[in-house]
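Visitor: Hi, I have a few quick things to ask about this one. Could you walk me through it?
Guide: Happy to, ask away.

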Amino acid sequence: RVALVGPYPLDVTRFNGGVEASFFNLVEGLTLLGDVDSHVFTFVSGATETRLKLDGPVPVSYLPAPARLNNLTLYRHDRRVLKEIVSTLEPDIVHAQDALGYGYTTLRAVRHIPVVLSIHGIVREEVKFMASRFDRLRTWMTGPPIQRYCVRHASYLLQPSRYPEEYFGDLIRGSIVDVGNPIGERFFDADPSPE
């Protein structure tokens with residue numbers, strides 16, 4: 001039994017970024033393994049109650065999250081909600097997407113179950129490309145310390161390339177494994193268009 005924690009789309013025909021698309025593809029791929037019982041947990045900013053969706057390939061719990069100040073409160077609300085709901089599922093393992101909000105929340109909330117953490121990007125490098133000065137400052141203040149915590153405390157890290165291992169070096173204390181980002185089956189049905 002696996003609890004999958006990460007950004008999952010409300011509308012599975014539209015994705016909000018690469019991490020969400022990768023996570024969706026992972027969930028779809030795991031459904032092909034008959035002996036894996038998966039359940040998705042994702043936070044919805046501004047929602048006030050949990051919504052359970054059972055009509056997809058796996059059960060998805062859309063969890064309420066504050067619309068603001070998550071970084072400043074170190075995801076206190078999200079940690080409490082996730083701890084309660086994961087304890088009712090009693091998974092054998094928890095897989096969290098990203099070494100930021102979802103990763104930090106999971107590592108802090110789920111301490112009695114093994115956690116696998118997928119790294120999707122390096123905050124210190126990505127912040128350089130943000131257009132808004134306010135967004136750069138806000139991200140710089142909280143993102144790197146949260147990501148360092150995740151990388152340092154995760155027992156198992158998955159990386160899509162060798163770059164995170166090279167970047168973080170000795171900060172990594174757990175096992176690290178190269179696992180490429182999942183690709184959806186529909187990608188292989190696309191007509192080639194070299195130009």
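Visitor: Is Thr48 buried or exposed?
Guide: Thr48 is exposed, with a relative accessible area of 74%. Here buried means under 20% relative accessible area, exposed over 50%, and partly exposed in between, using a 1.4 Å probe and protein chains only. This is a predicted model, where local features need pLDDT of at least 70 and side-chain atom pairs count only at pLDDT 80 or more, while totals for chains, interfaces and linings use all residues. Residues are numbered from 1 along each chain as its sequence is written, and side-chain values use heavy atoms, with hydrogens and water left out.

Visitor: Where is the place of Thr48?
Guide: Thr48 is in the loop between strand S2 (38-45) and strand S3 (51-53). Helices (H or I, at least four residues) and strands (E, at least two) are DSSP runs, numbered from the N terminus.

Visitor: New topic: how many salt bridges does the structure hold?
Guide: There are six, a salt bridge being a side-chain nitrogen of Lys or Arg within 4 Å of a carboxyl oxygen of Asp or Glu. In one of them, Asp37 meets Arg1 at 3.0 Å, N to O. That pair links distant parts of the chain, 36 residues apart: Asp37 is in the loop between helix H1 (18-31) and S2, and Arg1 is in the segment before strand S1 (2-5).

Visitor: Which residues are linked in a network of salt bridges?
Guide: Arg162, Glu165 and Asp178 are. The side chain of Arg162 meets Glu165 at 2.9 Å, N to O, and Asp178 at 3.4 Å, N to O. Arg162 sits in the loop between strand S7 (156-159) and helix H6 (163-168), and Asp178 in strand S8 (residues 175-178), 16 residues apart.

Visitor: And how accessible is Arg162?
Guide: Arg162 is partly exposed, at 47% relative accessible area. Glu165 is partly exposed at 28%, and Asp178 counts as partly exposed at 43%.

Visitor: Switching to helices, at what angle do H2 and H3 pack?
Guide: Helix H2 (residues 76-89) and helix H3 (residues 101-109) pack at about 55°, with their axes 9 Å apart. Axes are lines fitted to C-alpha atoms, for helices over the stretch in contact, and angles run from 0 to 180 degrees between N-to-C directions.

Visitor: Which residues make the contact?
Guide: From H2 they are Asp78, Arg79, Leu82 and Lys83, and from H3 they are Tyr104, Thr105, Thr106, Arg108 and Ala109. Contact means heavy atoms within 4.5 Å.
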